[in-house]
Amino acid sequence: MPNYRIHKTEYIDETKRVSFKYDGKTYFGYEGDTLASALLANGIHLVGRSFKYHRPRGIVSCGAEEPNAICQIGSKKDLTEPNVRATELELYEGLEASSQNCWPNVKFDIGGINNFISPLIPAGFYYKTFMWPKSFWKKVYEPLIRLSAGLGKSPTEPDPDIYDHKHVHYDVLVIGGGISGIISAKMAAKNNLKTLLVDDKKILGGSTIYQNNESIKIDDKLSSEWLKNEIQEIKKLSNLTIKTRTSIAAYHGYNFLLAKENLTDHLPEEKKKNKIRQRLWKIRAKKVVIATGSIERPLVFNNNDRPGILLSNSINKYLDYYGVTCGEKIILFTNNDSAYETSISLHKKGIKNLIVDLRKSASSELIKQAETLGIKIYFNHVVTNTFGYRKINSLEIMELSEDGNTTVGNKIKLSCDCLGMSGGWTPMVHMHTQSGGKLDFRDDDQVFLPKENSEDQISVGSCNGDFDLENIIDKTVNKINKFLDIDNKDYQDTNIICSKENDKRNIWLLPNKIPLGKTKCFIDFQNDSTAKDIKLALKEGFRSIEHVKRYTTTGMATDQGKLSNMHALGIIADTAGVKMGTLGTTTFRPPFTPLTFGTLVGRNVGKFFEVVRKTSMHEWHLENNAEFENVGQWKRPWYYPKNGENMHDAVQRESKAARDSAGILDASTLGKIDIQGTDASEFLNRVYTNAWSKLAIGKCRYGLMLNEDGMVYDDGVTTRISENHYLMTTTTGGAANVLSKLEDYLQTEWPELDVYLTSVTDHYSTASICGPNSKKILNKLFPNLNLSDENFPHMSFKEDKLENINCRIMRISFTGELSYEINIESKYGHSLWKMCIEAGKEFNLTPYGTETMHLLRAEKGFIIVGQDTDGTMTPSDLQMDWIVSKKKYDFIGKRSLYRSDTIREDRKQLVGLLTDDPKEILEEGAQIVSDIKTKPIDMLGHVTSSYFSPNLNKSIALAVVRNGKTMKGQKLIIPMENKNINVTVSDTIFLDKENKRLNA
Amino acid sequence: MFLINCPFCGERDQSEFSSGGEAHIVRPKQPTELSDDEWAEYLFMRKNIKGIQFERWNHVHGCRKWFNVVRDTSNDKILSVYKMGEKPPVNYK
């Protein structure tokens, strides 16, 4: 097996050998390696196939910008993870990784045929091709696209890992642990500011930490040595927290940032167990220092995507940090000085290399050094083609013309096994723009730079466009002193020597003799978009960068165009003949690198997914086999199946029992608002449609609450407990909103009212007993309470004790039966319920759930707000004009009741429906029409509630129908998928119109 | 995510609050006197300013108090908070 690890470095522990599997084959690396560096050490460049053309692709970079080396980790159904960048994944014992987007394997990939038919799949291919015939879409195109689309496989079983969230507050957050970040963090922390420094790598130091060029020195030391010293120093600072393996995902307004901390991804399987995998940090920082650095740009030339073609600086890092050379015969192709550092480093380690520089000439310390070492430099030359299918083996260069628009002279063929490219540097302005910052364009080296416009955040170092060390340190120190309003003098005597770049030349799309249509000049490696695609998009009329991006998919892959966006912009600007700075950029959206769902969700999974509210009777319901329904956050018993009953049978039995003898409902979830104050009556007058001033103490009244637009908002019974004390009930789902609304009016419109509102929903439990035998059961529970209709009539309230515990008893009814609601402090709720059940045994007291409750009230035509209403129903639409006071001068929504639209005759109105076939049960939500012959069919309304009534032995329904009030007796049709159901409009009250049962 | 300085509780995360739309819209004292158009003006018409906007917020998961906020909608900066019933700061008019 070839070994490309050519020297020892302090970052690789050669005493700790690590074995891992890649595409099923076992390899070895060392602790400290990333998957990418270990693969390169084993001579493996080919790691995947490209998305569209399935071209062989190799590792390109050494960081978050990696477009090609993305792999599938693990094979377990619950733990496998796709799209992991090999350049960021730390190697651990037992790691299993495989390449993506290739079948049957990376070396022989069937999809590779796409490469040869690529002239047939231009930009917008999918948009253009899969348009017709229409019938092909569902059965042919979509399955085909789904099969070939996507990178990697998602896990198919729940994620067993633990994720965590943490909220933190800091004075200063420094993003990035390179040299400028370290200086910033030190200055902040030494000035007594509580500081957090985060870096996505395992160790601090950025690219300076492996810097070993003699021409770059700080205080007479190698810059890497100097920086190591600084790192030792900051580690001693007590008010500085350092988080490595932590990357900022998003920078929101008000300096609220999200960071992902990787805790176990670098550990072997057995050490991961029972530990938190990743932690999402929710950071609030008073000030933020962005020191995210910059990434190297590729160059755009024909066949620039072969395995073995990397970014020049990445070759340098693999060499000096990991001890791995990317080849034995390397060519560096550059437009700037930084590739010279790589070249010199390679040369020192004995790796043959030469430089192709597209600048006409250049001079600087670094170039002089390279020349002195005898490194061959081709100035004013450009790579025009590369060769080698699975790995580069040679390339052609040509001389550039004077204006750089074309090539001249003869081709020179050079052999190599690796090509490093450097198209300059792109400052990472993601964080700055995510925070709302704007950008400026610097023509000099064609970079977008942060425009300083905020007192809360600042960019320093190369993400601010400062590329040489002297500039970086001086500017960082000055800016931080100013930004934090401090006077730190630690660096004023620091002596920096570095090479200065003097010559610049940038060509976004390098010239070639071959027509563009026949070249493969890749811009976005991951999404396979080429310079040709961009030009085609422009030719077809796309102008906005946002449109070109979407049409060509440039920058839309998992790397979000970190390497490609600048080139796309550059080529658009050049082609359209506009200045690049005026084009603008696409939006930098969070996250910076992909986050797993697990990290975002944290602990809120399974039973912690949502808050669950349970009544104090909940255990009893469980013991008695209840099926539950979610009502808001509440778990309410839905029905209680007995002996294998289905829902229909259970509901029929419960409904019958409630009307024949007695039923009991857990009504604890109804919203309860305690209203007190000398103006409580006046307040109720203003919020309900009916009058409240004359309600006697000890009496209850049903109230309807509107929105200011006149539409029904909530309903419920309110009881006057004493002169200035009421207890309001609301719908279960509406409780919180009603309280908010009432508080709103009280605090903002009527602050003069002496009224206090308190939510007591959770403080009381309620058992509602109804049916002809309910009085007998009450009598057993409260033997001293006079239950006669004279003493305790319908719509009244009494207090009594149940074994010393005070109960509030309301005689109110939502079923139309004689009915009592017993309220008790919640901690006694369970006991109350059991005592009711015990007392009711001899009367077949049957517990019923929400479904039976709905059925019983529908028999009586009582509405449920939110089921029979939808925010567009007035009281009149509900045929409830009786509840709207004509005398009151004002109440919420009153004025809206006679707006021209609300008094329209042909509004949708609540009606009853009876099916011609009494056994036919309508579907809730079904549309109602009168004429199915004239098309388009006129929709009159829809069914809102529908049940089979066991008490009436027929199907009943409530519906809203246009002009429904005038339609009683009229025949209508409910068209269903396979039949039309004939119905007749009826009254909304189906049972006991005279309310005899209330006093039965 | 905003950091809102509740006049009763101090600085809290936006997730504790709910927004209540434009501030200083007074409910007409005599709605019955108003024409449909005048009532609709109160009921539906709201400003949506790019720039300085006066709005109502409720510390719904806190003290439950309503209060007013002056916010620059172009950059989301909250310039001032003040209690219900207090006059809006004049310098932002």
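Reader: Why are the side chains of Glu708(A) and Arg27(B) said to meet in a salt bridge?

Author: The N to O distance between the side chains of Glu708(A) and Arg27(B) is 2.5 Å. A salt bridge requires a side-chain nitrogen of Lys or Arg within 4 Å of a carboxyl oxygen of Asp or Glu, so this pair qualifies. The model is predicted: local features need pLDDT of at least 70, side-chain atom pairs count only at pLDDT 80 or more, and totals for chains, interfaces and linings use all residues. Residues are numbered from 1 along each chain as its sequence is written, chains are lettered from A and ligands numbered from 1 in the order in which they are written, and side-chain values use heavy atoms, with hydrogens and water left out.

Reader: How many salt bridges and polar contacts are counted between chain A and chain B, and which helix gives the most to the side of chain A?

Author: The count between the two chains is six salt bridges. The rule also finds 23 residue pairs in polar contact across this interface (N or O atoms within 3.5 Å; within protein, one able to donate a hydrogen and the other to accept it, and residues adjacent in sequence counting only through side-chain atoms on both sides).

Reader: What makes the pair Arg56(B) and Asp744(A) a link between chains, and are its members buried or exposed?

Author: The side chains of Arg56(B) and Asp744(A) meet in a salt bridge at 2.8 Å, N to O. The pair runs from strand E4 (residues 52-58) of chain B to helix H21 of chain A, and thus crosses between chains. Buried means under 20% relative accessible area, exposed over 50% and partly exposed in between (1.4 Å probe, protein chains only). Arg56(B), with 13%, is therefore buried, and Asp744(A), with 15%, is buried as well.

Reader: What are the relative accessible areas behind the labels given to Glu842(A) and Lys780(A)?

Author: These two side chains form a salt bridge of 2.5 Å, N to O. Glu842(A) lies in the loop between helix H23 (829-840) and E44, Lys780(A) in helix H22 (residues 774-781), 62 residues apart. Glu842(A) has 55% and is therefore exposed, whereas Lys780(A), at 41%, counts as partly exposed.

Reader: What is the area buried between chain A and chain B, and which residues of chain A lose the most?

Author: Buried area is the accessible area (1.4 Å probe) that two parts lose on being put together, summed over both. Here the value is about 2,400 Å², with 45% of it on carbon and sulfur atoms. Tyr254(A), Tyr889(A) and Arg895(A) lose the most in chain A, together 29% of what that side buries. The contact (heavy atoms within 4.5 Å) takes 29 residues from chain A and 30 residues from chain B.

Reader: Which figures describe the interface between domain 2 and domain 3 of chain A?

Author: The domain bounds come from an automatic or database domain assignment, which gives domain 2 as 165-294 + 427-497 and domain 3 as 298-423. Their C-alpha centres are 31 Å apart. The contact takes ten residues from domain 2 and twelve residues from domain 3. About 870 Å² is buried, 46% of it from carbon and sulfur atoms. In domain 2, Tyr210(A), Asn212(A) and Asn213(A) lose the most area, together 60% of that side. The count is zero salt bridges, while five residue pairs are in polar contact.

Reader: What makes strand E40 (residues 764-770) of chain A mostly covered, and with which strands does E40(A) pair?

Author: Six of the seven residues of E40(A) are buried. Two strands pair if DSSP finds at least two bridges between them. E40(A) has four with strand E34 (residues 663-666) and seven with strand E43 (residues 819-825), so both pairings qualify; each is antiparallel. Leu665(A) stands opposite Ser768(A), and Tyr764(A) has Glu825(A) as its bridge partner in E43(A). The open sheet has six strands in the order E41-E42-E43-E40-E34-E44, with mixed pairing. E41 (796-802) and E44 (846-847) are its edge strands, each pairing on one side only.

Technical notes
Helices (H or I, at least four residues) and strands (E, at least two) are DSSP runs, numbered from the N terminus.
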